[in-house]
Amino acid sequence: MNGRVIVNAAVRRVFLGLMLLSSAARAGEETRVVSGTRGPGQLFDFNLSLGWTHDDKRADLKRQSEGTAGGGRILLQNDLVYRQTRDTLNMRADVGVFQDVSVFASLPLVIADNRQLDFAKGIDERNTTILRDGILPGFGTPMFGLDATHARSFVNPSDTVFRGPTRKGLEYLGLGVSWAVLNELRDDTRPTWLLRLETRWSVGTPMKFDPARGKANTGVATGYHQFVLSTAFSRRFEMLEPYVGGWYMLPLATDDSAYEQYKLGERSYSQPQQRAGTNFGVDVVAWEEPRAQRRINIELRGRMELRFMGLAQSELWEPLSGNPECAKVASACRPDVDRDLTGDLTADPNPGVTRSPAYGVFGGDAGLSVQVGRYVRFRGLVGMTWEQSHFLTDGRSDNEAYDIPGRRYRVEGSRAWHVSLEGGLLF
């Protein structure tokens, strides 16, 4: 009798172990739980990951115009095309500290960030408004615009009117904590529910631009700290694991950033844009071997984001940035572009930041995640992001060069495609 009880208990332990092994093999990427020790003799979870992301963005910048051609009405005309490419290495470590509680650190290192403005179809140095209004020099001349990479102007014929420096460096240091309030791997009658709090410290060189010394600042730091609160739910149904989540980001400008140096407005106007969004998707188990902890998942993801009204470094922030000598020498200032921002009755160099209206961002990704045994996983995703058409400025700063009716810029057709590859070690 005792022998039969011992055998039955051993069978139950083996069966339970296989069930937990199968569940772990099927855990989704977006709600992966990193735990502390689960019991005597068990070690805490420790995950390391290294990823690469490539972003390629394009947007049409149209300009308001007012005149007899439109019968006195304000029209939108083609002017510029914005292009940006960015390559980033994403480093992250997660360490379990308690049951279903972990801390993590992330370091996004930008390898190269390149931005430029090209003439729209039918536009050149003789009719573009960015030269006409003195934002960039050289209107109607064979030498125009600014190539900050080579410290020179562009020469006719050229389809490009502005090229910024190649930016690189550390974007921020992320530190946070994650808590699985509910964990389906422990109790399969309930979903997995994660709560995360992350702080992203702007520890690198904040992005600024000096047209007189185009390569003096090649930093990529945002110029503000970020406090991000997020949550996510997931639930397995056989071979499917759908999830949904939401997040909110509160920015706080650093003392050395353009956001803090120049207050453009009051309350939320005087701080970088707050952001909030939702993520949703499904992991589909295409193939798995639970005992060997090997599987292939198909990932389908969507996202929506709202960027609130506030200060932003728009697609034109570098061309709008003024020469620091403007604060000392009036001839270094651009009429209507560099204005008195500090109340001392003298012109100041434009900080490049503008007051942005609120707008939405939408996107989606598809890809594969592959777990190769207990300790190694790989992940690859391809996706697109679209921005809702919006004006670069909210029309309330009274800047005659680009923020009054008939002069404002509008972003249309903004889209970016992304590809990311990631490898991870799971201990």
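**Backbone and core**

Asp336 sits in the loop that runs between helix 4 and strand 15 (354–356). Keep in mind that this is a predicted model. Phi of Asp336 is near 70°, so a positive value in a residue other than glycine. Asp336 is partly exposed, at 36% relative accessibility.

Next, Ala151. That residue is in the loop between strand 4 and strand 5. Is Ala151 buried or exposed? Exposed, with a relative accessible area of 66%.

One more backbone point. The peptide bond from Asn156 to Pro157 is cis, with omega near 0°. Pro157 belongs to the loop between strand 5 (152–155) and strand 6. For context, most residues other than glycine have a negative phi, and most peptide bonds are trans.

The largest nonpolar core has 30 residues. Among those with the most contacts inside it are Leu61, Leu80, Leu117 and Val161. Elements giving two or more residues include strand 1 (46–66), strand 3 (101–119), helix 2 (129–132) and strand 19 (409–426). Which strand gives the most? Strand 2, with three residues.

Take Val161. Leaving aside neighbours within four places in sequence, Val161 is in contact with Leu80, Leu117, Ile130, Phe144 and Phe154, among others. Another core lies apart from the largest one. In soluble globular proteins, nonpolar side chains tend to be buried together.

Notes: Residues numbered from 1 in each chain as written. Predicted model: local features only at pLDDT ≥ 70, side-chain atom pairs only at ≥ 80, totals over all residues. Heavy atoms only, no water. Core = buried A, V, L, I, M, F, W, Y, C linked by side-chain atoms within 4.5 Å. Buried < 20%, exposed > 50% of the residue type's maximum accessible area, 1.4 Å probe, protein only. Helix = DSSP H or I, 4+ residues; strand = E, 2+ residues; numbered from the N terminus. Contact = heavy atoms within 4.5 Å.
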